[in-house]
Amino acid sequence: MKEKIMSKAKEMFLKLGFKSVTMDDIAGEMCISKKTIYKYFCNKEVLVEETTERIHNDVNEKINTMTLQNFNAIEENFEIQKMFKEMFKSYDTSPVYQLKKHYPMIYTKIQEKSIEFCNGNFRSNIEKGIREGLYRADLDIKTTVEFYYTLIFNINENTIYEKDVHELEIKALEYHTRAIATPKGIIELEKHLQNPNI
C-alpha cells in the first residue's frame, strides 16, 4: 500500500504541484481513507520528501541506463535531454522550481545528492568525449563540470514552466558543447541541433 500511495502522490505532485495537492486529494483519487495514508506517512512533508527521493532515484537510474548505451558523448547528452522531455512532458510547472519554493529544506537535501550525482555523470561524459576526440584534451575538467551544472541547476530552480526548462537546457547544452568541443565535436553537435525532435 505504501508503494501505491507514493506512486499516486508522485503522479499528482508532478502534475498539479507539491503545494496544491492535499492528503485528502490523494486519498480521494485512490478511494482510500486519509487515515490509511497517515498510517505510512505521519504528515504531508514526509510524503513529499520520500516521493522526491523516489523521483530523484528514478531519474538517476534512467540516466545510468542511458550512459550504458553505445552513444558517443555528445549524442548521450542529447538522448538524456530527450529522456527528460519525455518524462516531464505532461507537467506544466517545473518540479524543481516548486520544490524550492514550497519545501526549501527538502529541496536542499535533494540538491546536495543531485550535485554529487551530476559531478560524476558530467565528468564521465567529458572524459568519454575526450577519448572519442569530440572534446578538447586540454580541458580543466573540474571547472567545466562546475560551470555546466551551475547553468543547468540555475535553469531548473528559477524557471517556472517545464516547457521553458527544456528549451533553456538545450541552449545550455549547445553553449556547453561549443565551449569544449573539437572541430569533430562541432560537426557532431550541429547534426543533433538539426534534429526537430530535440
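**A tour of charged and aromatic pairs**

Begin by selecting lysine 2, which counts as partly exposed at 30% relative accessibility in this model, which is predicted. Because glutamate 50 lies in helix 4 (residues 44-67) and lysine 2 in helix 1 (residues 2-16), the pair ties together parts that are 48 residues apart in sequence.

Now move to glutamate 76 and lysine 128, whose side chains meet in a salt bridge of 2.9 Å, N to O. Glutamate 76 belongs to helix 5 (residues 73-88) and lysine 128 to helix 7 (residues 104-131), so this pair ties together parts that are 52 residues apart in sequence. Are glutamate 76 and lysine 128 buried or exposed? Glutamate 76 is buried, and lysine 128 is buried as well.

For the next stop, select helix 8, where glutamate 146 and lysine 142 stand 4 residues apart, about one helical turn. They form a salt bridge in which the closest N and O atoms are 2.9 Å apart; lysine 142 is exposed, with a relative accessible area of 52%, whereas glutamate 146 is partly exposed, at 31%.

Finally, turn to the aromatic rings, of which the structure holds 3 pairs. Phenylalanine 13 and phenylalanine 18 form a tilted one, 5.3 Å centre to centre with 35° between the planes, and both of these residues are buried. Returning to helix 8 (residues 141-158), select tyrosine 149 and phenylalanine 153, which lie 4 residues apart there and are both buried.

Methods:
Residues are numbered from 1 along each chain as its sequence is written. This is a predicted model: local features need pLDDT of at least 70, side-chain atom pairs count only at pLDDT 80 or more; totals for chains, interfaces and linings use all residues. Side-chain values use heavy atoms; hydrogens and water are left out. Rings of Phe, Tyr and Trp (its six-membered ring) pair if their centres lie within 6.5 Å; planes under 30 degrees apart count as stacked, over 60 as edge-to-face and the rest as tilted. Buried means under 20% relative accessible area, exposed over 50%, partly exposed in between (1.4 Å probe, protein chains only). Helices (H or I, at least four residues) and strands (E, at least two) are DSSP runs, numbered from the N terminus. A salt bridge is a side-chain nitrogen of Lys or Arg within 4 Å of a carboxyl oxygen of Asp or Glu.
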